[in-house]
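Grab a pencil and work through these exercises with the model open beside you. Each one sets a task and then walks through a solution.

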Amino acid sequence: MLHLFDKIHKNLLKIVYPAYCLGCQQLLLKNEDVLCSNCLHNLPLTLHQELSINEINRSFYGILPLEFAYSLLYFHKNGITQNLIHHLKYKNRQDIGVFLGELFSYHLQSNEKINKVDFIIPVPLHKKRLFERGYNQVDTFCQTLSRELNITYDNSILKRISYSKSQTKKNKKERSEMSATPFEVVFDASLHGKHFLIVDDVITTGATLEACAKELLSIPNSKVSLLTIAYSQS
Ligand SMILES: [Zn+2]
């Protein structure tokens with residue numbers, strides 16, 4: 001029933017969105033979604049999931065104990081990944097999240113590490129940002145991964161705290177401590193020892209994901225992994 005609804009929803013999105021390829025702007029064929037088969041074939045895949053050590057693991061070595069960390073695509077300025085993320089984030093093209101979620105799920109289906117994950121956790125948006133945009137840009141991506149890989153999706157465990165009211169009254173040290181950890185976790189004993197997969201759109205410096213991971217690692221015996229749509233080397 002859920003799958004039927006998803007199919008109907010997907011076809012509705014096809015009607016709503018103009019059927020042009022987000023890579024080359026050519027008209028899409030009936031069986032193509034978001035990208036034409038040529039652009040799909042030429043996506044800059046990282047293939048992180050096929051390597052024992054990748055650039056994300058390496059950058060967090062000694063900083064975070066990660067089970068695994070993968071990005072789907074390389075992010076290049078003015079490249080196809082940037083265009084996909086831009087439309088997902090600012091043009092309400094939430095179907096791109098579904099498309100990329102299905103693509104990543106396909107690449108992860110035989111990955112043994114992903115089977116050990118208990119929860120998919122999106123990096124939360126600030127309430128004000130969520131209100132302005134109307135959606136969290138990683139939600140449809142997360143929900144698709146959840147459905148395809150059969151892992152529970154939960155956007156209530158990790159919260160983003162708002163400090164705007166009291167910020168100015170704090171001294172400089174207090175302010176910098178607060179802005180270093182704008183997240184908090186809400187948990188009870190049922191989450192002890194669980195494995196959390198934190199999901200974001202792009203990893204650049206890794207500071208946001210690091211702050212989220214540290215919060216989730218405060219849950220006793222928890223394990224943390226990272227997954228993003230894109231990896232930016234700059
Ligand atoms: Zn194309």
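**Exercise 1. Find the element that holds Thr81, say whether Thr81 is buried or exposed, and list what Thr81 touches.**

Step 1: Thr81 sits in helix H4; helices here are DSSP runs of H or I with at least four residues, strands are E runs of at least two, and both are numbered from the N terminus. This is a predicted model, where local features need pLDDT of at least 70, side-chain atom pairs count only at pLDDT 80 or more, and totals for chains, interfaces and linings use all residues. Residues are numbered from 1 along each chain as its sequence is written, and side-chain values use heavy atoms, with hydrogens and water left out.

Step 2: The relative accessibility of Thr81 is 2%, so Thr81 counts as buried (buried is under 20% relative accessible area, exposed is over 50%, partly exposed is in between, with a 1.4 Å probe and protein chains only).

Step 3: Leaving out residues up to four places away in sequence, Thr81 touches Pro44, Leu73, Tyr74, Phe75 and Ala230 (contact means heavy atoms within 4.5 Å).

**Exercise 2. Work out how H4 and H5 are oriented to each other, and which residues make the contact.**

Step 1: Two packed helices are described by the angle between their axes and the distance between the axes.

Step 2: The axes of H4 (residues 80-90) and H5 (residues 95-108) come within 8 Å and cross at roughly 135°. Axes are lines fitted to C-alpha atoms, for helices over the stretch in contact, and angles run from 0 to 180 degrees between N-to-C directions.

Step 3: H4 and H5 are therefore oblique to each other (under 35 degrees is roughly parallel, over 145 roughly antiparallel, 65 to 115 roughly perpendicular, and the rest oblique).

Step 4: H4 brings Leu84, His87 and Leu88 to the contact, and H5 brings Ile96, Gly97 and Leu100. Sorted by class, that contact has four nonpolar, two polar and no charged residues (Ala, Val, Leu, Ile, Met, Phe, Trp, Tyr, Cys and Pro count as nonpolar, Asp, Glu, Lys and Arg as charged, and the others, Gly among them, as polar).

**Exercise 3. Give the strand order of the open sheet and find its edges.**

Step 1: Strands of a sheet pair through backbone hydrogen bonds, either parallel or antiparallel.

Step 2: Here five strands make an open sheet in the order E1-E7-E6-E2-E3, and the pairing is parallel (two strands pair if DSSP finds at least two bridges between them).

Step 3: E1 and E3 are the edges, each with a single partner strand, so one side of each has no neighbour in the sheet.

Step 4: H4 lies across E1, E6 and E7, running at about 100° to E1.

Step 5: Look at one residue of H9, namely Ala213. At 0% relative accessibility, Ala213 counts as buried. Apart from its neighbours within four places in sequence, Ala213 contacts Leu64, Ile198 and Val224.
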